[in-house]
Amino acid sequence: MKKTTAIYTLTSELHDEKAVGSVTKAFLDSLDIEYELKGGNYSDYGSHALSLVYVRTGGTEGIFRRLLPELQTKSSRPFYLLTSGKSNSLAASMEILSYLRQHDIKGEIIHGSSDYISHRIHILEKAEEARQMLNGTRLGIIGKPSDWLISSDANKTKVKDLLGIELVDIPMQELLDEVSDSEKIYEALKVIIDRHQLQGFTLRCFDLLSTVKNTGCMALAKLNAEGYVAGCEGDVPAMLSMMIVRSLLSISGFQANPASINPETGQIVFAHCTIPLDMVERYELDTHFESGIGIGIRGYMKEGPVTIFKVSGDLSRHFIAEGTLLRNESKPDLCRTQQVIQLEDKHLTTDYFLTNPIGNHHIIMPGHCKEIIEQLLTA
C-alpha cells in the first residue's frame, strides 16, 4: 500500500467547478499535511495508508450512497469525511454519516480549525500506517508463558483477525540447542529470529537460570534497541503491547510490573530486571534480582511525561494512562530498573490496577501517547 494520504472529492453538479476548485485549493493549502488529490476518481480508493472523502458541497449525499457499495469492496476501513464547512458541505457530511451509522458502518467527520484538522489527519495517518505494518508481522513465543503468568496467554485467531499478527510457537529446547554457553544467549536468539523470520518474540527467560546459569536480560535489552520486540517471561499480551507501540511510534517499550501502589497519591513503583538500551540515559549492571545470578540491568530513563499501556490477549480490553516519571530508584530489594511514576488520574490505582488489571506486566514508554494508541485500537 502507498503511504500517502489520498483525498477523493464529492461535488454536486449544481456547483460551479471553478469556484469550488478555488475553495478547495485554499482549504487544502491551509492544512499541514502531505496528500495526493484524486478528485472524483475512486478507482484506487483504499490503496493508500489513509483515504479521505472530501465532501466539498451539499447535495452530494445521493452520490455517496451510489458509490458506497463499490467503496466497501475496496476497503473495510471507516469512512473519514473531510469538510471545510463551505457550500453546505458540513450538513451533507452529517447526513452521510447518519446513513453510515444506520447501516452499522463506521465513519467520522473531520471538521474544525486548520490546526485541528491537520492534527486529526496526522493521528489517523499514523494509526493506519501502523495497522499496515502490523499486518503480516510474525511474533515468536519461545517456550510457554511462565507458570505464574496464569492470565497472560493470547487468542491467536483474534490477534490474527484484528491486527494481522501471526503468533508462532517455538519450543524452548530449540533455543537451548543454539546456546553453546551462558554468554551466547544473544547470538542464539538472533538465530531463532532469522530462522523463523520474526519481528519480535517473548521468551520464557527464567528457564535459562537453571539450564545455562544466566539470564536473558542483556540480550533482550540489546535486541529491543536494535528494533526487534523482545519480551520477558513468555508474556504474550505484553509482547503484543510492545509491538503496537513500536508500530505506532517507532520506539521501544519497557515491560515492567507494579512493585507498589499508593492509592492516595496515584504514585506507582514499576520494576523489572531489563530495559531496552535505547530507552535509558545510562545503565548499570547488577545481578538478576530473584535468582541473584547472571546479569540484571539498572537503567535510568529520562524523567518526564510517560504513558503506561497494556492490551489483553484477546484484544477485547486495553488500558492506557498518562503520567510523569518522577525519578529512577535503585533499591536493593526490587528488580533492578525501578521507576516511580505519578499517574495523571490517581483514581486509576483503584479503578484499574487494584480492581480490574490486565495481568501484572505493563508497558511504559516516553511521552504522552494515549490519543494515537486509542485511535489504532478503537477504529
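**Notes on the sheets and cysteines**

1. The parallel sheet. An open sheet is built from 4 strands in the order β7-β6-β8-β9, with parallel pairing (strands pair if DSSP finds at least two bridges between them; strands are DSSP runs of E with at least two residues, helices runs of H or I with at least four, both numbered from the N terminus). The edge positions belong to β7 (166-170) and β9 (229-232), each with a single partner strand, so one side of each has no neighbour in the sheet. From one strand to the next, the twist averages 20° (axes are lines fitted to C-alpha atoms, for helices over the stretch in contact, and angles run from 0 to 180 degrees between N-to-C directions).

2. The basis of the model. Please keep in mind that this is a predicted model, in which local features need pLDDT of at least 70 and side-chain atom pairs count only at pLDDT 80 or more, while totals for chains, interfaces and linings use all residues. Residues are numbered from 1 along each chain as its sequence is written, and side-chain values use heavy atoms, with hydrogens and water left out.

3. Inside that sheet. Strand β6 (residues 138-142) runs parallel to β7, joined by 5 bridges. Here R138 stands opposite E166 of β7. Helix α9 (residues 217-225) packs on the sheet, where it touches β8 (200-203) and β9, and its direction makes about 150° with that of β9 (contact means heavy atoms within 4.5 Å).

4. The β14 neighbourhood. Strand β14 (residues 304-311) is mostly covered, with 7 of its 8 residues buried (buried means under 20% relative accessible area, exposed over 50%, partly exposed in between, with a 1.4 Å probe and protein chains only). On β15 (residues 318-329), β14 has an antiparallel partner over 8 bridges, and K310 is bridged to F319 there. The hairpin of these strands has 6 residues between them, and in it L315 takes a positive phi near 65°. β14 also runs antiparallel to β17 (residues 362-366), through 4 bridges; I308 has I364 as its bridge partner in β17.

5. The cysteines. How many disulfides are there? The count is 0, taking a disulfide as a pair of cysteine sulfur atoms within 2.5 Å. For C232, the nearest cysteine sulfur is that of C205, 5.1 Å away; C232 is buried, at a relative accessible area of 5%. The sulfur of C273 has its closest cysteine sulfur in C335, at 4.1 Å, which is too far for a bond. C273 is buried, with a relative accessible area of 5%.
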